[in-house]
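Let's take a walk through this structure together. Have a look at it, and then we'll go through a helix and a ligand.

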Amino acid sequence: MSNQINHVAIIMDGNGRWAKQRGLSRTKGHEEGCKRIIEIFDAVKANHIYAMTLYAFSTENWNRPKSEISLLFRYLDKFFKDNIVTFMKDGIRVQVMGDISRLPKHSQKTVTDAINKTKDNDNYVFNIALNYGSRQELVKATKEIAQEVKDGKLDIDSIDMDTISNHLYTKNLPPVDLMIRTSGEQRLSNYLLYQLAYSEFIFTPIYWPDFHKEDFEECLKQYQNRDRRYGKIEE
Ligand code: IPE
Ligand code: IPE
Ligand code: MG
């Protein structure tokens with residue numbers, strides 16, 4: 001039985017350790033890591049996976065040195081500038097999760113331009129988490145729902161799981177089938193806490209800059225051997 005994947009979520013981790021291993025600066029790791037994004041997204045498309053959600057910058061990553069943060073956002077700009085033609089050609093819609101108002105002005109512009117330009121594309125979705133935290137996302141959703149109740153637009157008794165899903169950044173995307181984290185860390189680091197309730201997880205020791213197409217394909221193979229029971233038992 002083959003399990004079709006509609007949505008894969010990735011925590012790209014290990015850039016710093018990859019660089020350290022080679023005696024390079026951490027930012028070299030981010031630069032190399034950026035090259036893997038499009039390589040993996042190509043594999044996503046080749047496998048007819050509709051959406052990819054990538055963790056690129058967490059709400060906690062602001063606690064890093066300013067110089068590292070600033071270069072990270074420069075690489076992000078370059079990434080979008082280099083790939084916007086491909087996004088248009090392949091019908092890819094860019095979506096962002098997180099509060100981008102705290103990003104450097106130049107990145108806000110790059111990201112907003114990419115979102116606006118690709119908004120009518122619907123072959124694939126490239127969803128990137130920037131200044132994203134899942135707990136913050138749930139707080140935001142709760143406030144929005146409370147406001148609707150207060151305004152008399154929503155009845156408390158009608159609040160259900162769909163109400164919550166519809167207030168998350170992922171509202172227009174299919175459920176996450178598979179979550180992959182690179183670099184060996186086995187934690188979620190404030191990523192998609194609600195959305196991953198029934199997703200399959202793969203933790204690979206490979207550092208993100210070393211994570212190539214073949215490694216992604218290997219994860220897809222592993223996923224095919226998973227038995228997603230959703231609480232049921234075999235008939
Ligand atoms: C992931 O790599 C990229 C970001 C979090 C922005 P890291 O920078 O976390 O690399 P490690 O975990 O320190 O090796
Ligand atoms: C999670 O990685 C965030 C991103 C990959 C963008 P971190 O490297 O920031 O997570 P921790 O600190 O190891 O939990
Ligand atoms: Mg890390």
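This is a predicted model: local features need pLDDT of at least 70, side-chain atom pairs count only at pLDDT 80 or more; totals for chains, interfaces and linings use all residues.

Helices here are DSSP runs of H or I with at least four residues, strands are runs of E with at least two, and both are numbered from the N terminus.

Residues are numbered from 1 along each chain as its sequence is written, chains are lettered from A and ligands numbered from 1 in the order in which they are written, and side-chain values use heavy atoms, with hydrogens and water left out.

Back to helix 4: its buried residues (under 20% relative accessible area, 1.4 Å probe, protein chains only) are S107, Q108, T110, V111, A114 and T118. They sit on the same side of helix 4, because they cover an arc of only 165 degrees around the axis, taken from the directions from the helix axis to the C-beta atoms. That buried set packs against helix 3 (66-89), strand 3 (92-97) and strand 4 (124-132), with contact meaning heavy atoms within 4.5 Å. On the face turned away you'll find K105, K109 and K117, which are exposed, that is, over 50%.

Now for ligand 1. The residues around it, with a heavy atom within 4 Å, include M12, R17, R26 and H30. An oxygen atom of ligand 1 is 2.8 Å from a side-chain N or O atom of D13.

Notes. A polar contact is a pair of N or O atoms within 3.5 Å; within protein, one must be able to donate a hydrogen and the other to accept it, and residues adjacent in sequence count only if both atoms are side-chain atoms.
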